[in-house]
Amino acid sequence: MDHHDTPKPARARRSDALSGVARVPGDKSISHRSFMFGGLAAGETRITGLLEGEDVLRTGEAMKAMGAAIARNNGEWIIRGVGNGCLLEPAAPLDFGNAGTGSRLTMGLVGTYDMETTFIGDASLSKRPMGRVLDPLREMGVQVVKAAPGDRMPLTLRGPKHAAPITYRVPMASAQVKSAVLLAGLNTPGITTVVEPVMTRDHTEKMLKGFGANIEVETDREGVRHIRIEGQGRLTGQTIAVPGDPSSAGFPLVAALLVPGSDVTIENVLMNPTRTGLLLTLQEMGGDIEVLNARSAGGEDVADLRVRASELKGVTVPPGRAPSMIDEYPVLAVAAAFAEGETLMQGLEELRVKESDRLAAVARGLEANGVDCTEGSDWLSVRGRPDGRRLGGGTVATHLDHRIAMSFLVMGLASEKPVAIDDSAMIATSFPEFMDLMTGLGAQID
Ligand code: S3P
């Protein structure tokens, strides 16, 4: 599907108080991994709460193309996996659409197989750097048979007869790179080690352990994580309940903080500490967000979040917090546009290589809507206007980026003038229910 062929513009207008109780779709990171690990593990995996967004469905298609059986029955997904080491050579290129996580993790998963696999994607994905995953795979003996200039997709991998286990220190804070190496290690004899100086989301480690992998994590005195996985072990199908995606929850959460009089509860949100940076930051800004019914479900922390409209103040967000809120900066920048004073966000270099150059896309979108902001090489500062006066009135270029689209629709709900986006089609990659959920709470979006 080529979204850029059929752009769907949308517009959000200043809304009356938002209210209600909502559930956001399942976590995208856990949903991708559920399909991958379920498709790989021997026996049956049953998944409820899966995010049925386009990105995740592409991962499901890829696993089917490599031998897994995947079916949906009454909202539950049932997978019969092939068994670790037993993926089949796909007959056609694997098309990952817009999905960085799906494509990069799958490169790790299949790269060490003695077969040829070709990866293709949309215009956004084809611009994103894949060298960060290909470099460690090359060290393990994987051949990059073909790639577009700069190690980009479309690209073709061929694995060696026997891959070599490596110790790899991840050079940037990236859960995708960490995960790709660990997944490559699953089909490699011996112990593959990933050294992670800055902790990123740990879903791969936790879930692989649940599927029966021999994986250990040790954190040294400097706080550096050493993750060791033994290859060629048995993985067994699991039952998984995917909790709500905290990255998706960020949109109704910020909307409710910004629209005066709002009172919204979002239920069943994943509260894994590697994912809660936005929540912490909004609370520091003065956001009235109550964490209710904190509980453990399926090995993860979850809770309900009650959020009421609040007067926000600008804060400095330290670089060390970036990994725990890396996908949330666009919507945080929108919150900052309505906060008293300046918000400074630091350590944003990874935003340049997301679905779009998010640092530039956010800065241009804010400027188009009258917000005073400064874009640095790896930082952004935003000077807010609490009453939203004179904000809005612009059209935002979304660059095939779902989170840019949703963030600026949230902005329009509290701005004096409407905010338009050039294309809302990409929202379906991660949050197909976004429009219905938001309008159900009272948001004026059309
Ligand atoms: C993800 C890791 C992050 C994040 C992405 C999902 C994952 O990417 O931005 O949306 O599921 O592992 P990076 O590894 O590039 O930081």
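User: Hi! What should I know about the model before we start?
Analyst: It is a predicted model, where local features need pLDDT of at least 70, side-chain atom pairs count only at pLDDT 80 or more, and totals for chains, interfaces and linings use all residues. Residues are numbered from 1 along each chain as its sequence is written, and side-chain values use heavy atoms, with hydrogens and water left out.

User: Thanks! Where does Ser29 lie?
Analyst: Ser29 is in helix 1 (residues 28–40). Helices here are DSSP runs of H or I with at least four residues, strands are runs of E with at least two, and both are numbered from the N terminus.

User: Is Ser29 buried or exposed?
Analyst: Ser29 is buried, with a relative accessible area of 7%. Buried means under 20% relative accessible area, exposed over 50%, and partly exposed in between (1.4 Å probe, protein chains only).

User: And which residues is Ser29 in contact with?
Analyst: Leaving aside neighbours within four places in sequence, Ser29 is in contact (heavy atoms within 4.5 Å) with Arg201, His203 and Arg275.

User: New topic: how many residues of helix 9 are buried?
Analyst: Eight of the eight residues of helix 9 (residues 329–336) are buried, so the helix is largely enclosed by the rest of the structure. Among them are Tyr329, Pro330 and Leu332.

User: What about the sheet of four strands, what order does it have?
Analyst: That open sheet runs 6-7-9-8, with mixed pairing. Two strands pair if DSSP finds at least two bridges between them.

User: Which strands stand at the edges?
Analyst: Strand 6 (94–95) and strand 8 (143–148) do, each with a single partner strand, so one side of each has no neighbour in the sheet.
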